[in-house]
Amino acid sequence: MKKVLTYYLRPYYVRMIVGFVIKFIGTIMDLCLPWILAYVIDMVIPAGGQNQIFYWGLLMILCSVLALSLNVIANRMASKVARDTTEAIRNDLFARSMRLSNAQTDHFTKPSLISRLTTDTYNVHQMLGRIQRLGVRAPILVVGGILVTLTLDPVLTLVLISVMPIITWITVYISKKSIPMYTALQQSVDQFVRLIREDVAGIRVIKALSKTAFEKEKYNAINKEVVQREKKADITMAIVNPSMNMFLNLGLVLVVIVGAYRVNGGACEVGKILAFLTYFTIILNAMMNISKMFVIISKAVASANRIMEAIEAPEDLCIKECTKMPKKDGYIIFDHVTFSYNGREPDIEDIHFTLQKGETLGILGATGSGKSTLALLLMRFYDPDQGAIYIDGENIQSIETQKLRKKFGVVFQNDSLFEDTIAENIRLGRAIDDTQVQEAALYARAKEFVEAKDRGYDSVVNARGANLSGGQKQRLLIARALAAHPDILILDDSSSALDYKTDAALRHELSVHFADTTKVVIAQRISSIMYADHIVVLDKGSCIGYGTHEELLRDCALYREISISQIGVDGRRQDSYGGVGE
């Protein structure tokens with residue numbers, strides 16, 4: 001919270017001070033009205049001066065107009081400060097979220113980051129706006145009202161403020177208890193967002209498997225938890241308002257009783273009592289606003305701490321000075337790499353292989369064997385626990401992240417298409433012209449179905465490619481990876497939805513038009529990798545086979561078993577491009 005106030009608000013300090021001054025003057029105008037009214041009732045009317053009554057009446061109108069105008073101006077300035085500050089916070093949080101390593105994203109979780117970008121920034125925005133509007137006006141009304149009543153009748157004022165210490169203690173005590181409750185509430189909201197995100201994304205699967213009732217039970221459970229935590233926090237904060245009302249009304253009763261005795265004894269005038277009751281109403285409303293502000297501040301403090309936790313997360317993948325490897329030793333080198341997601345049991349262990357420029361590596365293995373982990377390590381989404389990875393002689397930990405990632409074209413498992421045109425989904429904001437987009441679609445075997453659409457490359461893709469078939473989505477994703485002619489191409493199970501003929505045609509395009517591109521192909525079927533220069537066979541994170549297709553048929557029992565089950569004993573069959581396929 002401190003950084004929000006000292007760093008993000010710093011550019012607006014001058015504007016806030018001007019707004020505070022305007023708000024202060026407007027509030028003073030409000031405080032003048034009851035005092036003028038008391039003066040008119042007690043002094044002007046008894047004197048019988050009609051001109052004086054008109055004069056003081058015009059002065060009250062002027063004060064009212066000034067109070068309204070100045071408060072509107074100050075509120076508009078406060079809203080602009082809150083809007084611009086929240087925009088800066090949201091931009092920094094989004095940028096930092098994009099730079100988080102995969103390990104940090106796993107730690108925070110994606111739903112939590114979404115919640116911080118939405119609910120938490122909204123809470124901070126509410127606090128910044130309210131504290132400039134009510135945070136200035138309400139204390140001035142309380143303090144100013146008390147000071148003015150002192151000039152009217154010090155005895156009655158002392159009766160009123162005698163309840164203030166109790167009210168202050170209650171407000172501070174309850175607010176301290178509520179902040180941890182609102183933090184816990186936001187954590188439950190994170191889980192709530194995660195569940196909704198998963199259910200909406202997988203709604204077809206849920207319906208297909210008739211699991212609607214099961215998911216509804218999960219939803220009801222987390223929804224109930226959110227409601228219970230919100231209820232607990234709100235009930236705790238709800239103690240403030242009734243307590244304030246009770247003690248302030250007790251003070252009012254005492255003021256009325258004491259005031260009645262003083263008027264009866266001639267120590268006080270009726271106009272002063274009327275003004276005093278008006279000021280009491282002003283003070284009561286101001287105290288109520290202060291109590292509401294404490295609720296908003298409690299939420300905002302919890303939210304600001306969560307936001308700054310993400311923004312100030314340390315750089316996890318720092319650039320390091322590392323020993324270089326002679327380029328002649330290989331273009332891509334995995335040097336005895338071991339890695340674990342949880343830091344305890346290795347997910348891949350002692351992986352070692354070398355690729356020359358333009359060669360193709362095939363990676364085969366069962367689900368969970370570590371195939372995709374190799375791709376993530378190669379692109380430095382994680383750092384290995386042991387060993388090193390080299391590209392063109394440089395340890396990837398010594399290469400600036402953006403420079404490193406520009407070397408790659410990649411299609412991940414379950415990759416995303418965005419709600420935009422086909423052309424923009426292939427281009428993805430990069431400096432790629434229309435000719436390159438169309439070439440990439442041609443090479444990925446997507447051109448035919450794209451140009452068959454009414455608007456061609458300007459056709460709109462629904463979110464996550466919902467209006468495309470599985471094979472069409474994969475071909476567009478491959479086109480995106482090929483569009484910039486990357487140095488290294490990673491295809492992670494990117495042909496699983498392609499028919500055999502399209503898969504063979506794609507391999508042909510890669511061999512002809514991307515001969516200088518080093519390719520890493522992760523696949524479930526042998527036909528997609530059997531022509532690779534090198535093939536790695538993984539089992540439970542360990543390399544149990546390495547070599548060419550023929551060498552693995554001879555030496556690796558698991559590879560031979562998979563080959564027999566998929567494409568026959570010899571594992572070879574001619575495809576339509578003169579090579580060997582399924």
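How much of the accessible surface of the chain belongs to carbon and sulfur atoms? Of about 29,200 Å², the share is 58%, with areas taken from the Shrake-Rupley method and a 1.4 Å probe, and only the protein chains shown counting as cover for residues. The model is predicted, so local features need pLDDT of at least 70 and side-chain atom pairs pLDDT 80 or more, while totals for chains, interfaces and linings use all residues. Numbering runs from 1 along each chain as its sequence is written, and side-chain values use heavy atoms, leaving out hydrogens and water.

On the overall layout, the chain has 20 helices and 12 strands, which are DSSP runs (H or I, at least four residues; E, at least two) numbered from the N terminus. Its radius of gyration is 35 Å, well over the 25 Å that the globule rule gives for 582 residues, so the chain is more spread out than a compact globule; the radius is taken over C-alpha atoms, and the rule is 2.2 Å times the number of residues to the power 0.38. Along the principal axes, the C-alpha atoms fill a box of roughly 115 × 55 × 50 Å. Buried residues make up 47% of the chain (buried is under 20% relative accessible area, exposed over 50%, partly exposed in between, with a 1.4 Å probe and protein chains only).

Now for the charged pairs. A search of the whole structure turns up 18 salt bridges, each a side-chain nitrogen of Lys or Arg within 4 Å of a carboxyl oxygen of Asp or Glu. Aspartate 84 takes part in one with arginine 15, at 3.6 Å between the closest N and O atoms. That pair links distant parts of the chain, helix H3 (residues 50–99) and helix H2, 69 residues apart. Aspartate 84 also bridges to lysine 80, at 3.2 Å; being four residues apart in helix H3, these two are separated by about one helical turn. Aspartate 84 is buried at 13% relative accessible area, whereas arginine 15 is partly exposed at 29%, and so is lysine 80 at 35%.

Glutamate 315 sits in the loop between helix H11 (270–311) and strand E1 (332–339), so the pair ties together parts 219 residues apart in sequence. Arginine 96 is buried, with a relative accessible area of 3%, but glutamate 315 is partly exposed at 43%. Salt bridges with shared partners also join Arg15, Lys80, Arg83 and Asp84 into one network.
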